[in-house]
Amino acid sequence: MILNISAVEPVRYTGKARFKFRCHKDISCFTRCCSRIDIMLTPYDIVVMKNRLKISSSEFLERYTNMIVDEKSSLPCVFLRMDRDKKCPFVTPEGCSIYEDRPVNCRYYPVGHGIIKKAVDREIVNEEFYFFLKEDHCKGFLEYYEWTIEEWLKDQGVESYDDINREWRLFQLRRNGPGESIDTKKQSLFYLACYDMDRFRRFIFESGFLNHFDVPESRVELVREDEIELLKLGFDLVKYLLMIEETFNIRQK
């Protein structure tokens, strides 16, 4: 989801595919991939980055992101805001200043990840695949370090991000039907539940949410203390709002 379509190699690969690549400070193109790009941020990216910067999710979103509404799905998407020179605000001549907490799409690079829906035995399944981003300026492919895609992703710490963001990625496959779109109220709740975790927590505990929905007390306590559990609750709310799954029961009066 680093959007540079002209650089996408139009071949689908499995995790066993092998390639040569290495990025390091002494390579001539060092940090060039950190400018003139659109980096979509996932929900877990925002949690990790705002905690690294010790600011609230609302402040992070206001200072460092732009939001657009995808025309095909009507869902809000969040992108890292580039600086006036069209560079990532966290890149320096020495490299990424938040490298340990960089977004998952930076971790994937130069690998991309895709999901398509296809019919298998009369059922619709999600098929995952990988592809390569081969930008003209990138010299990393000329290096002699060889990996499988699976080895690369493990080395870059991708697994935990993908595990947490998996349901959100599936939301991105949603498409409006003819004449259909999501209303602004649902768009606002999607944005809140997926991206603005600190404000979403206040919504859960300070609005009438827990009076309206029957959420087990054990889950309420987990959500109160654990941001990953809060994200999971947010994803469940999105599934409820989009009528993907009836994830909540109405509390009996």
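A residue is called buried when its relative accessible area is under 20%, exposed when over 50%, and partly exposed in between, with a 1.4 Å probe and protein chains only. The structure is a predicted model, in which local features need pLDDT of at least 70 and side-chain atom pairs count only at pLDDT 80 or more, while totals for chains, interfaces and linings use all residues. Residues are numbered from 1 along each chain as its sequence is written, and side-chain values use heavy atoms, leaving out hydrogens and water.

A salt bridge places a side-chain nitrogen of Lys or Arg within 4 Å of a carboxyl oxygen of Asp or Glu; the count by this rule is 22. One of them joins the side chains of Arg199 and Asp196, at 3.0 Å from N to O. Arg199 is partly exposed, at 36% relative accessible area, whereas Asp196 is buried, at 3%.

Two further pairs lie within helices, which are DSSP runs of H or I with at least four residues, numbered from the N terminus. In α2 (residues 57-64), Arg63 and Glu59 are four residues apart, about one helical turn, and their side chains meet at 2.9 Å, N to O. Arg63 is partly exposed at 44%, and Glu59 is also partly exposed, at 32%.

In helix α10, Lys232 and Glu229 stand three residues apart, again about one helical turn. An α-helix has 3.6 residues a turn, so residues three or four places apart point the same way. The salt bridge between Lys232 and Glu229 spans 3.6 Å, N to O. Lys232 is partly exposed at 40%, but Glu229 is buried at 18%. Elsewhere, salt bridges with shared partners join Glu167, Arg219, Asp236, Lys239 and Glu245 into one network.

Methods:
Helices (H or I, at least four residues) and strands (E, at least two) are DSSP runs, numbered from the N terminus.
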